[in-house]
Amino acid sequence: MPELPEVETVRSGLEKILRDDPVIEEIELKRADIRFPIPQDLPRVLKGQRVERVRRRAKYLLIDTPKGTLLNHLGMTGSWRLVNAGEEDIHDHCYIRLGSGRRLAFRDPRRFGMLDLIKPGQESSHVRLKGLGVEPLDAISFHGEFLHAISRKRKIAIKVFIMDQRVVVGVGNIYASEALFRAGLKPTRAAGRLSRHEADRLALACRSVLEEAILAGGSSIRDYRQAGGEEGGFQHAHQVYDRGGEPCRVCGAKIRSKVIGGRSTYWCPKCQK
Ligand SMILES: [Zn+2]
């Protein structure tokens, strides 16, 4: 499943395309729903609109126009790609024809993705967006003081806590394991037991691990591909994720793995306390 860095990589790819070619000439829907129904007035409302920017909130992509925002989630296997006129794939659910004549296709074989339309002024009350936690890349709202304060008296495992979308968004399974390794914290520690200093380290680790993954173009896992079709390169830098039984790259101890909160979790028993 694409995590935040992959979605950010797709966002910047879409932004580059739409900055030079911003007019939506036509939207063609190939089906009435993906994971959820697609509003059938979406093509009419966005036809002829000029894209102002492409944003990301959590793992949602938001393509803003004056008349409304196209909201997209990649789900497990969603991708955007430029396709030639006449080129169609049975897994393409939506085509956006641009001013240049090029077409952007939303391709999603497993159909866990979504497309929705947000009318102006409706974003903060949108069912998928309301209640989302802070952005981990936003240093002004996400920092040790915040993480420490919000985790007091919470008995759940710190890994489950930082993956809670109501606390902080987009720290998915891979990056939670990697950030906890970097911060030297065992994933099973109770969230409420983190010291202020440990919370500082963890917030910084979450941000740096995500930033580095974005620079590397995201992890390329299973069906994920960047907008241009290149594979991401972050998986080669994993310290613990998916390395159960292998030696820690820092101390040589065997990386341990366990299912925590329903998700595979990896840590070094020596480096993480
Ligand atoms: Zn180690």
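**Exercise 1.** State over which residues pLDDT stays under 50.

*Solution.* pLDDT is the predictor's confidence in each residue, from 0 to 100. It stays under 50 over residues 220-226. For this stretch the model has 16 contacts beyond four places in sequence, a contact being two residues whose C-beta atoms, placed from the backbone, lie within 7 Å. Where pLDDT is low, the predicted coordinates should not be read in detail. For the protein, the mean pLDDT is 92, and 93% of its residues reach 70 or more.

This is a predicted model, in which local features need pLDDT of at least 70 and side-chain atom pairs count only at pLDDT 80 or more, while totals for chains, interfaces and linings use all residues. Residues are numbered from 1 along each chain as its sequence is written.

**Exercise 2.** Find the strand order of the open sheet of 4 strands, and its edges.

*Solution.* Strands are DSSP runs of E, at least two residues, numbered from the N terminus. The order is 2-3-4-8, with antiparallel pairing; strands pair if DSSP finds at least two bridges between them. Strand 2 (53-57) and strand 8 (114-118) each have a single partner strand, so one side of each is left without a neighbour in the sheet. Strand 4 (residues 68-73) is joined to strand 8 by 5 bridges, and Thr69 stands opposite Ile118 in strand 8.

**Exercise 3.** List the contacts of Tyr175, leaving aside its neighbours within four places in sequence.

*Solution.* The partners of Tyr175 are Glu3, Cys206, Val209, Leu210 and Ala213.
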